[in-house]
Amino acid sequence: QVQLVESGGGLVQPGGSLRLSCAASGSIASRNTMGWYRQAPGKQRELVATITSGGYTVYADSVKGRFTISRDNPKNTVYLQMNSLKYEDTAVYYCHVRVTIVWSASDYWGQGTQVTVSS
């Protein structure tokens with residue numbers, strides 16, 4: 001089974017930076033989309049950013065220009081560089097991988113890492 005392990009969360013002040021990492025292991029196809037979602041207390045889980053195997057990226061409007069997603073394909077690792085952090089960025093951040101083969105898709109989730117922005 002596919003496993004995702006996140007790291008890099010923590011407590012930062014507004015305007016600070018963090019870099020999240022997620023390493024995937026198991027049966028990961030070479031063609032896939034990796035990304036980050038987050039869930040704040042009392043809110044639904046929402047997309048933060050995704051990146052395909054080919055490097056195509058998608059960002060939520062709320063983080064565009066502040067966050068940068070990247071990946072290291074040989075290591076099956078995805079990163080999220082978070083700059084200019086705001087209070088509203090506080091959430092549990094979940095790593096996600098989607099593998100699509102023909103007409104089927106499989107989704108995998110990490111356990112999450114807490115990001116807290118506080119003064």
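Student: Which residues does N32 touch, not counting residues up to four places away in sequence?
Tutor: In this predicted model, N32 touches I51, T52, S53, R71, V97, R98 and V99, leaving aside residues up to four places away in sequence. Contact means heavy atoms within 4.5 Å.

Student: Where is N32 found?
Tutor: N32 is in the loop between β3 (18-25) and β4 (33-39). Strands are DSSP runs of E with at least two residues, numbered from the N terminus.

Student: Is N32 buried or exposed?
Tutor: N32 counts as buried because its relative accessibility is 4%. Buried means under 20% relative accessible area, exposed means over 50%, and partly exposed lies in between, with a 1.4 Å probe and protein chains only.

Student: And what does the side chain of N32 make a polar contact with?
Tutor: Its partner is the side chain of R71, at 2.7 Å. A polar contact is a pair of N or O atoms within 3.5 Å; within protein, one must be able to donate a hydrogen and the other to accept it, and residues adjacent in sequence count only if both atoms are side-chain atoms.

Student: New topic: in which order do the 4 strands of the open sheet come?
Tutor: The order is β1-β3-β8-β7, with antiparallel pairing. The edge strands, β1 (3-7) and β7 (67-72), each pair on one side only. Two strands pair if DSSP finds at least two bridges between them.

Student: How many bridges join β1 to β3?
Tutor: There are 5 bridges between these antiparallel strands, and S7 stands opposite S21 in β3. On the β8 (residues 77-82) side, 6 bridges join β3 to that strand, where S21 stands opposite Y79.

Student: Last one: how many residues has the largest nonpolar core?
Tutor: That core has 31 residues, and W36, L80, M82 and Y93 have the most contacts inside it. The largest share, 5 residues, comes from β9. A nonpolar core is a set of buried Ala, Val, Leu, Ile, Met, Phe, Trp, Tyr and Cys residues joined through side-chain atoms within 4.5 Å.

Key:
Residues are numbered from 1 along each chain as its sequence is written. This is a predicted model: local features need pLDDT of at least 70, side-chain atom pairs count only at pLDDT 80 or more; totals for chains, interfaces and linings use all residues. Side-chain values use heavy atoms; hydrogens and water are left out.
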